[in-house]
Amino acid sequence: MNVTRDRLVTPLVFVALLAVPLLFFDPSTTYISRRFIRVIIFAIFAMALNIIFGETNQLILFMGGIAAVGAYTTALLAQYLGISPWLTLVVGALFAGTFGALVCYVAARRQFTVIVLAIVTFAFQMIISEVLVGLRDITRGSTGFPFRGLELPAVEQLTGLGPFAVQFYVLVAIFAAVLGVYTWLKRSKYGLAFAAIRQDEFAARATGVNVIRLKVFAGFVATFIIGLVGPFYGQTTGLIIPSLFSFNTVDVLVLIVLVLGGLRSRYGPLVGAAVVIYIDNFLGNFGQWRTVAFGILLTILFLYFRDGIVPSLQSLVDDREFPAALSGALGRGKSK
Amino acid sequence: MLARGAELLVDGLARGMILSLLGLGITLVFGLGGILNLVLGVFAVVAVIVCSFILGVVPELLVAGVGGVAAVALFALVVDRSVLSLVYEEEGEDRELLGIFVTLGLSLLFEGLLFVFFADSFFLESDVPSIDLGGASITGSSIAVIVSASVLFGLIYYFFNYTYLGIATRTVIQDETGSILCGIRPRRVQSIVFVLSAAIAGAGGILYALDAEVAPASAFELTTFAIMVSIVGGVDSIRGTVAAGIVLGIIITVAGALFGSYLSTVTLFAAAIAVLIYKPEQIS
Amino acid sequence: MLTATNVTKRFGGLVAVDGVDFSIGEEEIVGLIGPNGAGKTTLFNTITGVHPPNEGSIDFDGEELVGKTPNQVAQRGVARTFQAVRTFNESTVLENVLTGAVFGNSESVSMNEAEDRARDALEFVGLDGLESEEAGSLTIADRKQLELAKGLSAQPELILVDEIGAGLTPKEIDEITQTIERARDERGVSVFWIEHIMEAIMSVTDRIIVLNRGEKIADGTPEEIRSNEAVTQAYLGEVES
Amino acid sequence: MGGGDGDGDGGTDASGGTSNGDGATTGTSSGGSGEIVVGGLQPYTGPYAQTTQEFVDGFNFRREEINANGGVLGRDLIFEDRDTQLDPAEASTLATELIEAEDAVALTGSISSDIGLTVAPIAEQNQVPHVPQFVGSADFLTRDSRYNFRMGLAPAPTNARAVAQFIEDQGFQSVGAIVADYSYGRNWEASMNQLFPDDIDLQMEVAPFGESSFTTYLRSMPDDIELLISASHPPGVFTIYNQLQGLDNVNPDYVIGRSDAKLSANALGDSVTQGFLAQTQPDPFSDQYAEVAQRYYDQTGNWFGALNAVGYVVADLIGTAIEDAGEANPTAVAESIRNVNLDTLFASPIQYTEWGELENLVQLMTAFETGAPDYYPDGSVNLTEQFRSEPLPAYDPSSDLLS
Amino acid sequence: MTLVDVSGLDVHYGDLQVLWDISLEVREEDSVVSIVGPNGAGKTTLLKTLSGILTPTNGSVEVLGQDVSRVPSDEIVERGFVQVSEERNLFGDLSVEANLRMGSFTKRENFAENRDMVFEMFPVLEDRRDKNARTLSGGEQQMLAIGRGLMAEPEVLAFDEPSNALAPQLAEQVFETIEEISDDVTVILVEQHVDRALQLADRGYLLENGRIETEGSGAELLESDAIKEGYLRG
Ligand SMILES: Nc1ncnc2c1ncn2[C@@H]1O[C@H](COP(=O)(O)OP(=O)(O)OP(=O)(O)O)[C@@H](O)[C@H]1O
Ligand SMILES: Nc1ncnc2c1ncn2[C@@H]1O[C@H](COP(=O)(O)OP(=O)(O)OP(=O)(O)O)[C@@H](O)[C@H]1O
Ligand SMILES: [Mg+2]
Ligand SMILES: [Mg+2]
C-alpha cells in the first residue's frame with residue numbers, strides 16, 4: 001500500500017462526506033438525503049462483508065437477516081422496556097454478532113467450504129424472513145411497524161441540522177470507526193493471519209494460526225457491524241419490515257457493491273456503494289425494464305470489471321502504464 | 001387415516017421428484033463444472049411457457065413437453081456458448097464466484113424479460129385420470145410426475161454411469177487437464193452438461209406446472225429449492241440429489257399437513273441446515 | 001524429546017499407521033522412509049494434530065500432543081513442511097516467514113521482533129534479498145527453502161520435513177540437506193525427515209525409522225538400515241545400497 | 001415522512017402548482033405548469049407483474065383519451081411509473097420520491113396489503129391522494145384517513161358480505177374456504193365467521209401465503225361441498241382451482257376466485273368454464289363497459305378485462321377529480337375525490353365515505369362459458385352474470401367486525 | 001519420418017518467458033528421447049506445449065505432421081501423441097477400470113483388448129480394478145497413469161518425471177516398464193534421474209533456463225562434462 005497516498009486520500013474522503021449534508025440535504029427533497037444515507041449504510045455493510053469474506057474467505061448470505069436481527073431486537077426491546085432504542089442498539093448488535101459468530105464457529109469446526117457456508121447462511125436468511133413474517137404477534141408480520149427512534153433531537157436543536165443530516169453524521173462516524181478497525185486489522189498480526197487463512201487454511205493451521213478463533217472473530221466483527229447498522233437502515237425508511245431485509249434487497253446489493261468497489265480495498269465499499277446506489281436509482285426511470293437493465297449491467301460489470309473500481313484505479317495510478325492497467329481493469333487476468 | 005397418510009406420501013413423493021429434477025440441474029453444472037447456475041429457475045419457467053404455447057397448436061402434452069425441453073436446451077446452448085465461455089476461462093474458486101455473479105446477472109435479465117413479455121400464469125394439464133388405491137385417491141398429476149420422473153432418473157443414471165460421454169463428464173470435474181490428456185474436450189463436455197441440466201430443469205418445470213401455477217416469479221423460488229436440494233444431496237452426487245429431493249419433498253408435504261402454516265418452509269430450510277451441519281464432509 | 005507410543009491411525013477399514021513406537025532426541029536428525037503409502041505422511045499428521053491417532057500417545061517434552069489442534073502443536077514448538085509445497089503464494093516471501101514467526105510460537109512476539117526473526121531465518125536458508133518477491137514467483141527449490149525458513153522462524157524445537165527433496169536436482173538436494181544439517185548444528189533443532197532419496201537421507205541422519213504398511217519394521221543407524229534384510233525387501237530393492 | 005427533515009416546517013409537501021426552486025437537485029421534475037404527474041407504484045417484477053401490466057394498459061388507455069381531448073385543466077396527464085418489485089420498503093421509498101422529485105399529484109398502482117399499508121401513511125403525511133389498484137386489507141383505512149382511497153379490491157368484510165348474499169341466494173349448505181396466512185386472508189376468515197349464514201357448514205383451511213401445493217388442504221374439504229372460496233387466498237387462486245381439477249372426490253359447483261376474469265381465463269384455459277367465478281366490481285355487462293371495450297379492441301386488438309377497467313377507472317377518477325378541483329393541487333384533488341359521484345365502469349357509481357371507503361358498492365359474480373364477448377370476437381370464453389349483489393355498506397374501520 | 005518437430009519455440013506465462021528458441025525433433029526410429037535439466041528449466045512447459053495445453057508465442061510445433069496450435073488439444077491425443085503428466089492427472093473418484101476406459105476415449109473400439117494388455121503388464125491393477133484411483137498407493141497410481149496413456153494406442157508417449165516421489169524399488173520398476181514399451185512406442189522421457197534417463201535414451205537434450213544447452217546420443221551426454229558436473233553424483 002502506498003502510505004503517502006493514503007494519508008492524502010483519507011482526509012479528502014472524510015471532508016467530502018462531511019460536506020454532503022450541507023450541500024445536498026434539503027427538507028423538501030428527503031429522498032435525496034435518503035439516497036446518501038443509503039450509500040453510507042451499504043458502504044458499511046460492504047465493509048463488514050469485506051472483513052468476513054474479503055479477509056477470511058467466509059461468504060455469508062444472510063446479511064439482510066443479520067441486519068434484521070439487529071433492527072428487530074433493537075426496536076422491539078426498546079418498545080418492550082419502554083426505553084430509547086439508542087440504549088438497546090448495542091444489545092441488538094451483540095445479539096446479531098453472537099449469532100453470526102456461532103454460525104461461523106460451526107462452519108469453521110466442520111470445515112465448510114465457501115459455497116457450503118454461503119448456502120447455509122442463505123437458508124438462515126430464508127428462515128429469518130419466514131419467522132419475522134410468521135411471528136405476526138410480536139413482529140407485526142409482513143407489514144412491519146414504523147420506526148424512527150434513532151433520532152437525536154437535542155443535537156438537531158443544538159446544531160440546527162435536520163434529522164437526516166444528524167443520522168448521516170452518525171453513520172459517517174460508524175463508517176470511520178469500521179474503517180479504522182479494518183485498517184488496523186490489516187496492518188496488524190491479524191492481517192498476516194487472514195492472508196494465510198485465505199490462501200491455504202491447512203498450511204495456516206500448521207503454521208500455528210488459530211484458524212477457528214480468527215474466523216469466528218472476523219464473523220463476530222462483521223455481523224456485529226451489520227447488526228448495529230440494521231436499525232439505522234430501518235430508520236431511513238421509517239419502517240422496520242421484513243422486505244427491507246430480504247436477500248434480494250440487502251445481500252445481492254452488498255455483494256455487488258463489494259465486488260464492484262473492490263474486494264479487500266479500503267475505500268472500495270464506499271465507491272461501490274455510491275456507484276451501485278446511483279445506478280439503482282437511475283434505473284428506476286426504466287419502469288418495467290428496470291430489472292432487465294439491472295441484469296444486463298450486472299453481467300457486464302462482473303465479466304469485465306470484476307477486479308473492482310478502486311483496485312483498478314489504484315493500479316492505474318501506481319504504475320502509470322496505461323495499457324497494462326487498462327487490461328487489468330478489463331480484468332481478464334486474475335487479480336494479484 | 002391410513003389412506004390419508006398414503007395420499008400424503010404420494011403427494012410428497014411426486015413433489016420430491018420434481019425437486020430432485022430441479023436439484024439435478026444444479027448438481028450437474030455445479031458439481032461438474034463449478035458454476036452455481038442461478039439461471040436454472042428461468043430455464044424451468046421458459047420450458048413451461050414454450051410447452052404451453054405449443055399446446056395451443058398441438059394439443060398433446062408429451063409432444064409439447066419435448067418441444068419445451070428442446071427449446072430450453074437450445075436457449076441454454078446459446079447462453080453457454082456466449083457468456084459462460086468467459087466464465088469457464090477461469091479456474092477453481094475464481095470460476096465458482098464469477099459463476100455465481102454472472103448467472104445472478106443473467107437471471108435478473110431473463111426474469112425481467114419474462115416479466116415484461118410473459119407475465120401470465122401458466123398451467124399444464126396431464127390428462128392422466130386420478131386413481132383410487134385402497135381408499136387413497138392418487139391424483140393424475142402425481143402419477144404423471146412419478147412415472148415421467150422415474151424414467152428420467154433412469155436415463156440420467158444410465159448416461160452418467162454407462163456411457164463414455166457420461167463418464168467423461170465426471171473426468172472433467174475431477175481433473176480437467178487429465179481429461180484433455182485422454183482426448184476429451186472439457187469445454188464441449190461442459191456445454192453438453194449445461195444443456196442437459198437445463199433440459200432436466202425444463203422437464204422439472206413442466207412437471208411442476210402440472211400441479212401448480214408457474215409464472216416468471218416462480219423462477220427465483222424454483223432456483224432456491226433446487227440449490228437447497230442439490231446441496232443437501234451433496235452437490236456432486238447424482239444419487240444424493242435424487243434422494244435429497246424426495247426426502248425434502250415428503251418433509252414439506254407432511255410438515256405442511258401437520259403444521260399447516262409457514263412452519264413448513266421453515267422446516268425445509270431447517271432440515272437443509274441440519275443435514276449440512278451433520279455431514280458437510282461429503283460436500284466439496 | 002518426542003516419544004510416541006503405540007500410535008495407530010485408521011481410515012475406515014485401512015490401518016494407515018499401526019501401533020508405531022518411536023522417539024526423537026534433542027538435536028537429532030531422524031529419517032523416516034518406507035514404500036509409497038506406508039503411512040509416513042499420516043504419521044506426521046498424527047503428530048501435528050491433523051489426523052489425531054485412534055490409539056496411542058505422543059509425548060513432547062512432557063506434554064501430550066494427542067488431542068491438540070494443529071495450531072496448538074505448532075505453537076508448542078513443532079514446525080513442519082509439506083510433501084507438496086504449501087507456501088502462501090500470493091503473499092511476499094517475507095510475509096510467509098513472518099506468519100511463522102508470529103504464530104508458530106506460544107510466546108507473544110511483537111511485530112518488530114518477529115520481523116527480525118523472519119529476516120534471520122531467510123538469511124539462514126539463503127533467501128535474503130528476495131523478501132519482497134511474491135512467493136509464487138519462486139522456483140520449486142526456493143519455495144522448499146522458504147517453507148523451511150517459515151518453520152525455522154518460529155524457533156521450533158522440532159521440525160517435520162516431508163519429502164523436501166522430491167523433484168529437486170542433486171545439487172539442490174545437497175543444498176537443502178546442508179540447510180537441514182545446519183539447522184540442527186547452529187539452531188539446535190531436531191529434525192524428523194521423510195525422504196525417498198537415499199543419498200540425501202543416508203548422509204546426514206543419525207537414525208532412520210522404516211515403515212511398511214503402517215508398521216515400523218526397522219529403526220537404527222543408516223548403516224544398520226542399509227544392511228537390514230527386511231528393509232531391502234520391502235523398500236530398497238536390489239538397486240542402490 | 002414524519003421523521004423526515006420536512007417535519008420542522010410543516011407544509012413543504014410537493015404540490016403540483018408551485019415549483020420548489022430546487023429543480024437543480026431534483027432534476028427531472030416536470031410538475032410545474034406544463035404537465036400533471038400521476039405516480040405509479042407498479043409491481044412490474046414479482047407475482048403481480050401481469051396484474052399490474054393490465055392495470056397500466058387500462059390506465060394509459062384512458063389517460064391518452066383524456067389528453068387527446070385536451071387534457072385536464074388544459075394540461076397533459078403524465079404517468080411516472082416505477083417498479084416496486086412488490087417490495088413494501090422499496091415502494092415507500094419510491095412513493096416519497098415520486099412526491100418530492102416528480103411532484104406527483106396522486107399515487108396509484110399499489111397492489112397487496114403490505115404495500116398499501118406502508119404507502120398509506122406516506123400519502124397521509126404528504127397529503128397526496130393514494131388510489132391503489134388492489135389493496136384489500138381492512139387496516140388500509142382508518143376513520144382518520146383522508147388521502148387514501150379504496151379502489152379495485154374491496155376490504156374482506158365487504159367481499160364476504162357479497163358472498164354471503166350469494167350463498168343465501170343459491171341456498172348453499174356446504175361451503176369451504178382456503179385462507180392465506182396474512183392480514184387480508186385473516187380478515188376474510190373473521191368476516192366469513194361473522195357474516196355467513198349460521199346454518200351452513202363452513203370448512204376453512206389456513207395455508208401459508210406462498211403455498212404452491214393445496215392438495216392436502218383440498219382433501220380435507222367435505223365431499224358434498226357446493227361452494228369453495230379461494231378469493232381469501234389471492235396468490236393461490238389459480239393453483240387451488242387447478243389442483244382441484246385433479247381431485248375427483250372434492251367437487252364444488254362454484255369456486256370464487258380473484259376478480260380478474262380475463263387473467264383467469266388465460267391462466268386456466270377451458271377449465272375455467274367449470275364453475276370458476278370472478279368476483280368483480282367493474283360491470284362487464286353494462287353498455288358503457290361494452291362501448292369502452294370496443295374502442296379498446298379497435299385500438300389494441302385486445303380483450304378489455306376487469307383489470308384494464310380498474311386502470312381505466314382510476315385514470316377517469318383522477319382526471320375528474322382534478323377538473324372538479326380546478327387545480328392540480330394534491331390536497332384539493334383528494335378533497336374532490338372524496339366528494340365525487342362518478343358513474344364509470346363499476347357496477348355502481350363511485351362514491352367515497354369520509355375516510356375513503358367505497359360506498360354502496362355493487363359486486364358481480366361472473367361465470368364463464370364458451371364463446372366470445374361481443375367486444376372481443378377473438379376470444380374463446382365469454383362472461384356470464386351469475387349473481388349481482390345488493391349495494392354493500394361501506395366497511396367502518398371502527399366497527400368490531402374483525403376483532 | 002519425424003514424429004515431433006519443434007523449431008524456434010518461445011513460450012510465455014503471461015509476461016514471463018520460460019522457453020527460448022527451442023528446436024528439437026523426435027524421429028520414428030527413436031525408441032527413447034530423454035530431456036533432462038534442473039528444476040524450473042521448462043521441461044514440463046515444453047511437454048505441455050507439445051500436447052497443445054499451452055500455446056507458444058513464437059516458433060512452430062508439429063506433432064505427427066500437424067501444427068498443434070491449429071488443433072484442439074484433444075485432437076492431438078486422437079492423432080497418437082499422449083502424455084503421462086507430472087501430476088498424473090488421474091480421476092481420483094473413478095475406479096481403476098473407468099480411468100482406463102477414459103484413456104480409450106479416442107479408441108473406444110479396442111477398449112477391452114487394450115485393457116487386458118494393461119492388466120497383463122501391471123497385474124496389481126487388475127486386482128484393484130474396482131477401487132477408486134484415489135485409494136491407490138503412489139506407485140500404483142503411476143502404473144495406472146502409464147496404463148491409461150497406453151489405452152489411447154499412442155505413437156508417441158511422453159513421460160514427465162515418472163519416477164517422482166516413488167520409492168526406489170518402484171522407480172526402478174517404472175524404468176523397466178518404459179524400456180519394455182519403448183519397443184512399440186516412441187517415448188519422450190523427462191527425468192530427474194538423469195543417469196537412468198540417459199542410459200535408456202537413443203538421444204538426449206539438456207535443457208537449462210529454458211534453452212537447449214547440449215544435445216546428443218544418450219551415451220555422449222552421459223560422458224559430457226555438463227551432465228557429469230551438474231547432474232551426476234561423485
Ligand atoms: N485422509 C485420508 N483418508 C483416507 N485414507 C488416507 C488418508 N490419508 C492417507 N490415507 C491412506 O493412508 C495410507 C498411507 O498414506 P500416507 O500418505 O501416509 O503414505 P506415505 O507413506 O506418506 O506415502 P508416500 O511416500 O507416497 O507419500 C495410504 O493408503 C493412503 O491412501
Ligand atoms: N502456471 C505458471 N505460471 C507462471 N509461471 C510458471 C507456471 N508454471 C511454471 N512456471 C514457471 O516456468 C518455469 C518453468 O517451469 P516448468 O514447470 O516447465 O519446469 P520443469 O523443468 O518442469 O521443472 P521441474 O523439474 O520442477 O518439474 C519455472 O520458472 C516456473 O516457475
Ligand atoms: Mg507422503
Ligand atoms: Mg516439471
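Predicted model: local features only at pLDDT ≥ 70, side-chain atom pairs only at ≥ 80, totals over all residues.
Of the area that chain C buries against chain A, 31% is supplied by N71(C), F88(C) and F103(C), which is more than any other three residues supply.

Some pairs of chains do not touch. Chain A and chain E are not joined by any contact, although their closest C-alpha atoms lie 9 Å apart, and chain C and chain D likewise have no contact, with their closest C-alpha atoms 42 Å apart.

## The site of ligand 1

Ligand 1 has 14 residues around it, of which G37(C), K40(C), T41(C), T42(C) and Q83(C) come nearest. By class, this shell is made up of 4 nonpolar, 8 polar and 2 charged residues. The elements β2 (14-24) and α1 (40-47) of chain C each supply at least two residues of the shell, and α1(C) gives the most, with 3 residues.

A backbone N or O atom of K40(C) lies 2.7 Å from an oxygen atom of the ligand, a polar backbone atom of A38(C) is 3.2 Å from an oxygen atom of ligand 1, and a polar side-chain atom of H196(C) lies 3.0 Å from an oxygen atom of ligand 1. Taken alone, ligand 1 exposes 640 Å², of which the protein buries 71%.

## The site of ligand 2

Around ligand 2 there are 14 residues, and the closest are N39(E), G40(E), T44(E), T45(E) and E86(E). They divide into 5 nonpolar, 6 polar and 3 charged residues. Both β2 (16-27) and α1 (43-50) of chain E supply at least two residues of this shell, with the largest share, 3 residues, coming from α1(E).

A polar backbone atom of G42(E) is 2.9 Å from an oxygen atom of ligand 2, while an N or O atom in the side chain of Q192(E) is 3.4 Å from an oxygen atom of the ligand. A nitrogen atom of ligand 2 lies 3.5 Å from a polar side-chain atom of Y13(E). Ligand 2 exposes 630 Å² when taken alone, and the protein buries 68% of that area.

## Paired strands in chain E

Strand β1 (residues 2-13) of chain E runs antiparallel to β2(E), to which it is joined by 8 bridges, and V11(E) has L19(E) as its bridge partner in β2(E). These two strands form a hairpin with 2 residues between them, and G14(E) in the turn has a positive phi of about 60°.

Strand β1(E) is also joined by 5 bridges to strand β4 (residues 58-63) of chain E, again in an antiparallel arrangement. Here S7(E) stands opposite S60(E) in β4(E).

Definitions and conventions:
Residues numbered from 1 in each chain as written. Chains lettered and ligands numbered in written order. Heavy atoms only, no water. Near = heavy atom within 4 Å. Polar contact = N/O pair within 3.5 Å; in protein donor to acceptor, adjacent residues only side chain to side chain. Areas by Shrake-Rupley, 256 points an atom, 1.4 Å probe, with all protein chains shown as cover. Helix = DSSP H or I, 4+ residues; strand = E, 2+ residues; numbered from the N terminus. Nonpolar A, V, L, I, M, F, W, Y, C, P; charged D, E, K, R; others polar. Pairing = 2+ DSSP bridges. Buried area = accessible area lost by both parts, 1.4 Å probe. Contact = heavy atoms within 4.5 Å.
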